[in-house]
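Reader: I'm new to this and I'd like a close look at one spot, then a walk around the rest. Could you take me through it slowly?

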Amino acid sequence: MKTKIVKATDQNIKKATKEIMAGNLVAFPTETVYGLGANALNENAIKKIFIAKGRPQDNPLIMHISKANDIYKYVTNVPKKVEKLINKYWPGPLTIILKKKKIVPNIITAGLNSVAIRIPQNKIALELISKSNCPIAAPSANTSGKPSPTTAKHVYEDLNTKISTIIDGGPCSIGLESTVIDFTTRIPTLLRPGAITKEMIEKIIGKINLSKSNAKKIKSPGMKYNHYKPKAEVILIKTKIVKRFITEISEKNKVLCILNSKTKINIKNKITYKNDKHLGQNLFAWFRDADSKKFNIIIVEATKETKLGVAIMNRLKKASNVIIE
Ligand code: TXA
Ligand code: MG
């Protein structure tokens, strides 16, 4: 199959909605990362997502809707707390998990009795969903295990020949996947940190729990798989960056350093980040870029685990082979 990257014109979005309605896949931009979309009510279409990504069958997908009221069509009960949260943060990078209704195909939830739902905050995504006349199931549009795509080109690198259309909406503004919060537990549980932080959520609905990723029973199936990994080995450094360490590794390897701009150190291959927003927006793109330039080690200086830094460190810990504390 020939894969086209198309501009987000009205005509191209219309064509893309036809693909969705015909049960085919379309990659599209969101504010977090690019999604690989299919009609969420069509089992055969959803199967194609798992095949194109090489995604394990037991890892459920997020259902994307364009109007908050649509949530009532797909879940059995919407608690007051959820209403408050979605009033505040939808459209936006927040995914809500609730008990599903029968109409939601089992393949999208990987057999679970709950479904994950969000409204993305991106004009192109919203148009695609509302004009397709169906909810759109969409995981991140990367090959399973690789860093999530934040540009149309990243999607093309992974899915060329596997899908017909990629709608180009430019780089994603957030660059990290949505916050996922589970409301099927008595106290809501944060399963994946994102740009909507724990504090932002607690301000609206009170205390929530953090999921323990080392818990015996894994709540979010996606948490047990490898994630966000570039080909290069990632070394995450939580202590002060030591030049001697970098110099020694660089003697035998091609090393890229991603450092806080406050860290003054003179080394050859260096990218500096100004703040968490800048790091979050670019982290996956820098990983992919390092791979294309054949770096075999990426050293990343850790950021503080507060606010957006929690989501960034969550991705970095999963991507890294070695953590130096
Ligand atoms: O920002 C995002 O959320 C992007 C864009 C495209 O919307 N999508 C995304 O999808 O990151 P994906 O499939 O890469 O990640 C969805 C996560 C997975 O970790 C999955 O296991 C979890 O949500 N998930 C989905 N449904 C679930 C459910 N019913 N119960 C627990 N976890 C669920
Ligand atoms: Mg993903």
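Reader: Where is the place of glutamate 127?

Author: Glutamate 127 is in helix H6, which covers residues 123–132. Helices here are DSSP runs of H or I with at least four residues, strands are runs of E with at least two, and both are numbered from the N terminus. Before we go on: this is a predicted model, in which local features need pLDDT of at least 70, side-chain atom pairs count only at pLDDT 80 or more, and totals for chains, interfaces and linings use all residues. Residues are numbered from 1 along each chain as its sequence is written, chains are lettered from A and ligands numbered from 1 in the order in which they are written, and side-chain values use heavy atoms, with hydrogens and water left out.

Back to your residue. Glutamate 127 has 17% relative accessibility, so it counts as buried (buried is under 20% relative accessible area, exposed is over 50%, and partly exposed is in between, using a 1.4 Å probe and protein chains only). Leaving aside residues up to four places away in sequence, glutamate 127 touches Asp10 and Ile13; a contact means heavy atoms within 4.5 Å. Glutamate 127 and isoleucine 13 are 114 residues apart in sequence, yet their C-alphas are 7.6 Å apart in space.

H2 runs over residues 43–53, and its buried residues are Ala45, Ile46, Ile49, Phe50, Ala52 and Lys53. Here's a handy bit of background: an α-helix has 3.6 residues a turn, so residues three or four places apart point the same way. The cover over the buried residues of H2 includes strand S3 (35–39), helix H5 (106–109), S7 and H7. At the start of H2, a side-chain oxygen of asparagine 42 comes within 3.0 Å of the backbone nitrogen of asparagine 44. At the other end, just after H2, glycine 54 has a positive phi of about 65°.

Skipping residues up to four places away in sequence, serine 140 touches Val33, Tyr34, Gly35, Leu36, Lys53, Ser148 and Pro149. Its side chain also makes a polar contact of 2.6 Å with the side chain of asparagine 142. A polar contact is a pair of N or O atoms within 3.5 Å; within protein, one must be able to donate a hydrogen and the other to accept it, and residues adjacent in sequence count only if both atoms are side-chain atoms.

Next, the ligand. There are 25 residues around ligand 1, and Thr32, Arg55, Asn59, His64 and Ser178 come nearest (to be near, a residue needs a heavy atom within 4 Å). Threonine 32 has a polar side-chain atom 2.7 Å from an oxygen atom of ligand 1. Serine 114 has one 3.0 Å from a nitrogen atom of ligand 1. For arginine 192, an N or O atom in the side chain is 2.9 Å from an oxygen atom of ligand 1. On its own, ligand 1 has 680 Å² of accessible area, and the protein covers 96% of that. Strands S4 (62–64), S6 (114–118) and S10 (189–192) each give at least two residues to the shell, with S6 supplying the largest share, 3 residues.

Most residues other than glycine have a negative phi, and most peptide bonds are trans. Tryptophan 90 and proline 91, though, are joined by a cis peptide bond, with omega about -10°, and proline 91 lies in the loop between helix H4 (80–89) and strand S5 (94–99). Lysine 294 has a positive phi near 65°, and at 64% relative accessibility this lysine counts as exposed. Tyrosine 228 also has a positive phi, near 60°, but it is buried, at 4% relative accessibility.

A search of the whole structure finds 1 aromatic pair. In this pair, tyrosine 228 and phenylalanine 284 are stacked, 5.4 Å centre to centre with 20° between the planes. Rings of Phe, Tyr and Trp (its six-membered ring) pair if their centres lie within 6.5 Å, and planes under 30 degrees apart count as stacked, over 60 as edge-to-face and the rest as tilted. Tyrosine 228 lies in the loop between S11 and S12 and phenylalanine 284 in helix H10, so the pair ties together parts that are 56 residues apart in sequence.

Methods: Areas by Shrake-Rupley, 256 points an atom, 1.4 Å probe, with all protein chains shown as cover.
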